[in-house]
Amino acid sequence: MASVEFRNVTKTFGSFNAVSDVSFSIGDGEFVCLLGPSGCGKTTSLRMIAGLETPTAGQVLIGGDDVTHYHPKDRQISMVFQDYALYPHMNLADNIAYPLKVRGKSVTERHGRAREVADVLKIGHLLDRLPSQISGGQQQRTSLARALVYPSQVYLFDEPLSNLDAKLRLEARGFLNHLQRDMGMTAVYVTHDQAEAMALATRIAVMDQGQIVQYASPIEIYRRPATTFVANFVGNPPMNLVPVDAVHGDGQLQLSAIGITLDGLTMSSAISAALGGGKTLTLGVRPEHLAIAEPGAPNTISGQLFANENMGPESLVTIERPDGSRVTARIFTDDHIALNDAVTLGFSREHVHLFDGVGNRIPADGE
Amino acid sequence: MTTTQIETKPKRKVRNFALLSNKAGAAFLTPAGLLVSVFVIVPFFWVIFVSFTNRTLLGKTALNPEFVGLANYFTLFDPSNFLQRGQFGFSLILTTQFVLASALFGQALLGLLLAWLIQTVPPWVKRITETFVIAAWILPEVVIGFAWFAFLDRDQGTLNAMLTSVGLPKGDFLLEQPFWVIVVFNTWRGAAFSMMLFGSAFSSIPPSYFQAADVAGASSWQKFRDIGLPLIRGHIVTDLILITMWTFNTFTPFLLTNGGPSYRTELVSIYNYRVAFNDFQFGKGAAVGVIMMLINLAFALVYLSLGRKKKG
């Protein structure tokens, strides 16, 4: 196991900047998820760790060694591919043991080791089959077994669960989490699924347009998203973001928008600094922090009922505000809630997130 | 007409997509059908018939050929001179050596090597290589034959000029090494087909297969042996059968060596031509033609059965 570090790494394809001047480090034994929408540079970053792409500028370090220009085979890494990349003409045992074959190990040794790993992953009974004769979940575990069959410094995962159906994906996710606890491996995991990142990572790097927007623990990213982009990307459904007008005086900040009532907030240096740029701020509240409230009560958002979806343990209530924007609340109740056309959603003061005119978080008092 | 068919046979949905009615289709097919009959099917049976006669160009057998049964075939396979230069057996063995050396080793191996190498080179190198190799393949035979003749000429040839300029002795390749000249020529001429077939087969392999092998620590050779080669096995079989058939039938080396010197490059196709159109022994020539057809038929049957196996 080893650490990984990016130093001012840039990768361009022609005129397209896939990754621009990215620096971060991954500690020994950390499980880091690179999270972002497609085209954000997360897969390119992973492939630069693997050596499948060479940075245009900057350095990649594994275990403190500069490996920027190393061939993948000289990096002591393992990788699980999105399409699993299992060889259709080899049975599972040979697929799993292929990395040992290229290392010149004997047939007995590599098949013995393949069986050990396969047993751990519960595919030991399938070793004689071809990849085309097993299910998608089993293929996924086979490619995982091939990555685990030899000792590696870093384990790389390129959206390994995205080809699985929803139920298998949950199962595989839980298994990966267990494996990480068991082995304490250093892993870099690329995904566009925020739930996967939240569930697996010790730290998440949220990427957008070739840059890291926020690099922090899952709970930090959930509680204190650095920008409106992160707030909108993490959480299901994502955080509600409402533009509000700000007026301040007497050490108090008054935020107002149609259909919103808010108590005055105490001015802080962070807020006054943010207000320098303009009078419009963005107010953010997560759906799970909203509840049905009395009309006209303080700290509420009201609008017309747009949708009321019962999910079983909770209901997703969406209202449409007078300006056409929508706000969704997760109401935790088993019962189907009857609602009138006009709905008011309330929240408490400590669950309010504020972002400045360009979308950066304004730290609350004490942050 | 199509509509009525749909009404009467609603189960045959394929008819819905027919572009032409049966009548129009038949009308379009007739000219091609006539041409094929006149120039392929009739000669096919005519050759078989002639091979049982002693028909010649001149003399009384030109007008009144006699039926001689299998006499032509017995002459071809006469054990007393079967393997002598200029006889059928000699050219058959020569052709076998030619196919082995220029098709199976030359074209297929060179094509495979080129196809593998151009997978990883920069795109412009790949394009230039492909252009040159394919140019050798698509140029007209007469042009190619003359170009090689000029290239190999003893006194004015380009090859000897190049050899002299680096201080090597001149050679009269067409006279001294005629067999290897036509082997190299046919390899050069036909490697493009194998290269393109193998190249497209290699590029149809998902890149992640090779990347996974890279990460696992495989060398270039290991990737070729363990992943590239096994995954294009079907294409290799197809390629070998096709180039074997084509090389077996090729006549182009005639443009370089005329089958000589002293029959040393007389492949069966050239032997067939000499017997029929130089010696004007139509009956014997037809017999050679029939044997060649049978050999081709065997290749074709193997090829077709492999194709069927692949589908099933």
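The model is predicted: local features need pLDDT of at least 70, side-chain atom pairs count only at pLDDT 80 or more, and totals for chains, interfaces and linings use all residues. Residues are numbered from 1 along each chain as its sequence is written, while chains are lettered from A and ligands numbered from 1 in the order in which they are written. In chain A, 6 strands form an open sheet with mixed pairing. Helices (H or I, at least four residues) and strands (E, at least two) are DSSP runs, numbered from the N terminus.

**The sheet of chain A**

- The order of the strands is β6-β7-β8-β3-β9-β10 in chain A; two strands pair if DSSP finds at least two bridges between them.
- The edge strands of chain A are β6 (77-80) and β10 (211-216), each of which pairs on one side only.
- From one strand to the next, the twist averages 20°; axes are lines fitted to C-alpha atoms, for helices over the stretch in contact, and angles run from 0 to 180 degrees between N-to-C directions.

**Strand pairs**

- Strands of a sheet pair through backbone hydrogen bonds, either parallel or antiparallel.
- Strand β3 (residues 31-35) and strand β9 (residues 203-208) of chain A pair in the parallel sense over 4 bridges.
- In β9(A), I204(A) stands opposite C33(A), and A205(A) stands opposite L34(A).
- The pairing of β9(A) with β10(A) is antiparallel, over 5 bridges, and V206(A) stands opposite Q214(A) in β10(A).
- β9(A) and β10(A) form a hairpin with 2 residues between them, and Q209(A) in the turn has a positive phi of about 50°.

- Helix α4 (residues 136-148) of chain A lies across β6 and β7 of chain A, at about 175° to β6(A).

**The contact between the chains**

- Chain B gives 14 residues to the contact and chain A gives 16 residues.
- On the side of chain B that touches chain A, the elements giving two or more residues are α11 (207-216) and α12 (220-231) of chain B.
- The largest share of that side, 7 residues, comes from α11(B).
- By class, the side of chain B that touches chain A has 9 nonpolar, 4 polar and 1 charged residues; Ala, Val, Leu, Ile, Met, Phe, Trp, Tyr, Cys and Pro count as nonpolar, Asp, Glu, Lys and Arg as charged, and the others, Gly among them, as polar.

Note on methods. Contact = placed C-beta atoms within 7 Å.
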